[in-house]
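Thanks for passing this one along.

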Amino acid sequence: MQVSERAAEEAAARELGAFLERRREQIAQRWADAPLFRTLFTVSRDEAVEACKVVVDALGEVASSGRLEDIAAPGFDSAREQLGRMAASRARSGTSPAQVANEAGRLRAVTAEVLHGEDLSGSKDVLLALTVLMGTLRLVIMETTVLAGEELIARQRQQLLEVATPVINLWEGVVAVPLIGTLDSARSQVVMESLLEAVVEQRARYAILDITGVPTVDSLVAQHLMKTVAAARLMGAECIVSGIRPAIAQTIVHLGIDLSPVLTPGSLADALSYALARQGIEVSRRAGGAAPR
């Protein structure tokens, strides 16, 4: 009995695969109007139709292989790129994963309507196979949606880190990074990369790390700062760390980190004054307090 049931399931899966291949164009045309694929329009509706055809082809391949419940079936590989584009588009538009799941579920009803117009010998078994296959597609879409959401969050986090660590060209040959807020390993790495890029682009001889607005650091962040200082030296620039707060100074001493090779003025102004003086530039007030020209 189990053998005959298994044989019937395999036959229904093959018949479903043949149906999807035969009705590829019709299903794709109807799917293209669904919210799930409609956001793929950039020039014309044909773009969404072509994307739908890729997914229908993938479903047909999966059905023909008999692996209706396997989200890792090779047949889905060709459709993951299109599904990823769709998921990313829906994520950017603010659609939640639950809404995407509901939109994916509606594709089954559209496909079933086309199936009902077919004269199939085992239509009930084929309809059951379609339900199973579309449920698997829904899981694949959810998987790609979650991954797209995670990638979007990672990109936004990286962009925020870059915005939060601006490199300022204070003077010819002098660049600075004024840091405000909590420093962690990821942000410290962005600081190092941004500062070194600025040293190269501006041909800076002095690079100032101002941490006046940083409330505290841990051992890993302190090590990152020291690596930044060393890397700047290798690039031909002297790195100055200004604005070390009392709490941070105590932490650095407690951790046994040696800052003696690094100049540590109390403020950004002092650091800039030092860098200018080293270049033979003197800044002074005019006699009588008159405003400079």
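1. Let me begin with a question: which residue forms a salt bridge with aspartate 57, and how far apart are the closest N and O atoms? The partner is arginine 24, and the gap between those atoms is 2.7 Å. Please keep in mind throughout that this is a predicted model. The two residues sit in distant parts of the chain, 33 residues apart: arginine 24 belongs to helix α2 (residues 24–31), and aspartate 57 to helix α4 (residues 45–65). Both ends of the pair are partly exposed, since a residue counts as buried only under 20% and as exposed only over 50%: aspartate 57 has a relative accessible area of 36%, and arginine 24 comes to 28%.

2. The next pair stays inside one helix. Aspartate 77 and arginine 80 form a salt bridge whose closest N and O atoms are 3.8 Å apart. Both belong to helix α5 (residues 77–92), and because they are 3 residues apart there, about one helical turn separates them. Aspartate 77 is partly exposed at 49%, and arginine 80 is partly exposed at 24%. Elsewhere, salt bridges with shared partners join Glu25, Glu50 and Lys53 into one network. The structure holds 8 salt bridges.

3. What is the volume of the largest pocket? It is about 300 Å³. The lining is made up of 15 residues, and those closest to the centre of the pocket are Arg6, Glu9, Leu68, Ala129 and Val132. Helix α1 (2–22) and helix α7 (123–163) each supply at least two of the lining residues. The largest share comes from α1, with 7 residues.

4. On the cysteines: how many disulfides does the structure hold? The count is 0. Cysteine 52 is at 0% relative accessibility, so it counts as buried. Cysteine 239 has a relative accessible area of 2%, and therefore is buried as well.

5. One backbone detail to look at is arginine 203. Its phi is near 50°, a positive value in a residue other than glycine. Where is arginine 203 placed? You will find arginine 203 in the loop between helix α8 (185–202) and strand β3 (206–213). Is its side buried or exposed? With 72% relative accessibility, arginine 203 counts as exposed.

Terms used
Residues are numbered from 1 along each chain as its sequence is written. This is a predicted model: local features need pLDDT of at least 70, side-chain atom pairs count only at pLDDT 80 or more; totals for chains, interfaces and linings use all residues. Side-chain values use heavy atoms; hydrogens and water are left out. On a 1 Å grid over the protein atoms alone, a cavity is a set of points where a 1.4 Å probe fits but cannot get out, and a pocket is an open set with protein on both sides within 12 Å along at least five of seven lines; lining residues have an atom within 4 Å of a point. Grid points are joined across faces, edges and corners, and a volume is the space filled by probe spheres set on the points. Helices (H or I, at least four residues) and strands (E, at least two) are DSSP runs, numbered from the N terminus. A disulfide is a pair of cysteine sulfur atoms within 2.5 Å. Buried means under 20% relative accessible area, exposed over 50%, partly exposed in between (1.4 Å probe, protein chains only). A salt bridge is a side-chain nitrogen of Lys or Arg within 4 Å of a carboxyl oxygen of Asp or Glu.
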